[in-house]
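Hi,

Here is the structure I promised to send over.

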Amino acid sequence: MTKAVKIGDRIIGGGFPVLIQSMTTTKAEDVEKTVEQILALEELGCDIIRVSANTKEAAMALSEIKKRIHIPLVADIHFNPEMALLSLEAGVDKIRINPGNMPLDALDKILALAKEKDAAIRIGINSGSLEKEFLEKYGVGVESMLQSMKKYVSYFEEKGFEKIVLSAKASDVALTVAINEVLAKEFPYPLHLGVTEAGVYETAVIKSAIGIGSLLLKGYGDTLRVSITGDPLQEIPVAKEILTVLGLRKGVNVISCPTCGRCEYNMVDLAEKVSQAVKGMDKDLTVAIMGCAVNGPGEAREADLGLAGGRKEALLFKKGQIIAKVPQEELFTRLMDEIERM
Ligand code: SF4
């Protein structure tokens, strides 16, 4: 188990539930738009929000933004140590810095102020911005990312700063998985997971599900971000779905067969309608919607609720027992009633 790092009212690591993170696409200087986007993300289930502090005005706007949101605020810092100091003064809960563009000698003041403000720091290695010394020696890969992380973590520890979260992201899924496995074994600090620059919606969902999902399956990872080009509101349902299907977050897991020539009821429409209706539900349930008697009864019995299709009807299973034979026009209402009741 990793160390626990408290940020705001949330705890990262230490065996606590995996938290969902996102990043705003607005300019932080535009407080109204930024707060509006964060509140919408909160509503969907975002647990932690990162905002780019790339100008003095942006860093200074963070104190007003923080007052108006309800989840921990993280400042994203690159190149300029002054932005880290301004963000910490503004009261952010965590800052993210990148060793590839933040020299060690700039760190002392940041670490001292973070300690004073009880803020955490994420050391975020990115394969696209590795330090020159490691890049020249090892090229892009696990070793260069690990050495860069080791250098920074040692420095933080020497200075007595241990409120640390680590991340190592790459646009390559296999590299993301490989480096995070090494980090999880090497360091006691929580890990933030993500496949960076994952692309547009469909590609990003697949890369994230494989990369983040395979690490979570092995028990690694304490926060995650599904990075999708475009509106960050798209990220949260995908992140929730990854956690739900892995049993790491409450949610209704709908399983449904692809259907084939044996299916004799309106199963496709039903599966889509039910999947939409249960999105975001705070229930720990598996619902099986199956087309026919081949795999239907088996899957339906295994699930909390299940349907095994017949001719224009389906058998409804609850906790392994058949409780009704339901005509197809009543299936949606009946199934949703049962879900609500459980
Ligand atoms: S459960 Fe039945 S309808 Fe669904 S894919 Fe299998 S055989 Fe086809």
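Lys94 stands opposite Ala120 in E7. That bridge belongs to the parallel pairing of strand E6 (residues 94-97) with E7, which runs over four bridges. For the terms: helices (H or I, at least four residues) and strands (E, at least two) are DSSP runs numbered from the N terminus, and two strands pair if DSSP finds at least two bridges between them.

Before I go on, two housekeeping points. This is a predicted model, where local features need pLDDT of at least 70 and side-chain atom pairs count only at pLDDT 80 or more, while totals for chains, interfaces and linings use all residues. Residues are numbered from 1 along each chain as its sequence is written.

Back to E7 (residues 120-126): seven of its seven residues are buried. Buried here takes 20 or more other C-beta atoms within 10 Å of a residue's own, exposed takes 12 or fewer, and partly exposed is in between, with C-beta atoms placed from the backbone. In a regular strand the side chains alternate between the two faces of the sheet. In E7, Ala120, Arg122, Gly124 and Asn126 point one way and Ile121, Ile123 and Ile125 the other, all of them buried.

Both strands sit in an open sheet of eight with parallel pairing, in the order E8-E7-E6-E5-E4-E3-E10-E9. Its edges are strand E8 (164-169) and strand E9 (192-193), each pairing on one side only. E9 is joined to strand E10 (residues 223-224) by two bridges, again parallel, and Leu193 has Leu224 as its bridge partner in E10.

Next, the cores. A nonpolar core means a set of buried Ala, Val, Leu, Ile, Met, Phe, Trp, Tyr and Cys residues joined through C-beta atoms within 7 Å. The largest one has 72 residues, and Leu62, Ile95 and Met149 touch the most other members. Leaving out residues up to four places away in sequence, Ile95 touches a list that includes Val74, Ile77, Leu88 and Ile121; contact means C-beta atoms, placed from the backbone, within 7 Å. Apart from that core lies another, of 20 residues, with Ala271, Ala288, Ala303 and Leu316 among them.

As for the overall layout, there are domain 1 (4-245) and domain 2 (251-341), with bounds from an automatic or database domain assignment. Their centres, taken over C-alpha atoms, are 39 Å apart. Five residues of domain 1 are in contact with four of domain 2.

What surrounds the ligand? The residues there include Cys257, Cys260, Cys263, Cys292, Arg262 and Met290, counted when the C-beta atom, placed from the backbone, lies within 6 Å. By class the shell has seven nonpolar, four polar and one charged residues. In that scheme Ala, Val, Leu, Ile, Met, Phe, Trp, Tyr, Cys and Pro are nonpolar, Asp, Glu, Lys and Arg charged, and the others, Gly among them, polar.

Most residues other than glycine have a negative phi. Phe79, in the loop between strand E5 (73-76) and helix H3 (81-89), has a positive phi near 70 degrees. Phe79 is partly exposed, with 15 other C-beta atoms within 10 Å. Lys319 has a positive phi near 50 degrees and is found in the loop between strand E14 (313-318) and strand E15 (321-327). Lys319 counts as exposed, because it has 11 C-beta neighbours inside 10 Å.

Cheers

Notes
Contact = placed C-beta atoms within 7 Å.
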